[in-house]
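Please look over the chain and its fold before reading on. The paragraphs below walk through a few sites in turn.

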Amino acid sequence: ENAYGTLHGGAISTIVDVVGTMAIMSKDPTKPGVSVELGTSYASAAKSGTMVTIEGRLLKLGGKLAFTQVDIFREDGKIVATGRHTKV
């Protein structure tokens with residue numbers, strides 16, 4: 001929670017990192033990879049105590065790089081944030 005009583009942006013970026021890694025490991029549990037790029041776009045706030053849904057997708061698993069996208073939604077369906085995570 002931040003000073004405004006909403007989900008903290010740093011916590012959202014951590015969710016993108018962890019869930020993106022889980023998406024990669026769903027295809028190869030032995031290779032979680034190392035982050036080379038992580039970007040998060042914030043669309044709306046989620047007040048403290050609000051239930052959120054997190055969707056992680058593996059966009060591409062190549063020979064060296066893996067690309068993921070993680071979306072976070074409020075319980076009313078509005079998107080809170082979307083993040084892209086690239087790992088080697």
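Helices (H or I, at least four residues) and strands (E, at least two) are DSSP runs, numbered from the N terminus. Val34 sits in the loop between helix 1 (9-25) and strand 1 (35-42). This is a predicted model: local features need pLDDT of at least 70, side-chain atom pairs count only at pLDDT 80 or more, and totals for chains, interfaces and linings use all residues. Residues are numbered from 1 along each chain as its sequence is written, and side-chain values use heavy atoms, with hydrogens and water left out.

Is Val34 buried or exposed? Val34 is exposed, at 55% relative accessible area. Here buried means under 20% relative accessible area, exposed over 50%, and partly exposed in between (1.4 Å probe, protein chains only).

Move on to the loop between strand 1 and strand 2 (52-61), where Ala45 lies. Ala45 is partly exposed, at 41% relative accessibility. Gly5 is 40 residues from Ala45 in sequence, yet their C-alpha atoms are 9.4 Å apart.

Now the charged pairs. Side chains of opposite charge can pair when their charged atoms come close. The whole structure has two salt bridges (a side-chain nitrogen of Lys or Arg within 4 Å of a carboxyl oxygen of Asp or Glu). One joins Arg57 and Asp71 at 3.2 Å, N to O. Arg57 is in strand 2 and Asp71 in strand 3 (residues 66-74), so the pair ties together parts 14 residues apart in sequence. Arg57 is partly exposed at 34%, whereas Asp71 is buried at 6%. Asp76 and Arg74 form a salt bridge at 2.8 Å, N to O. Asp76 is exposed, at 54%.
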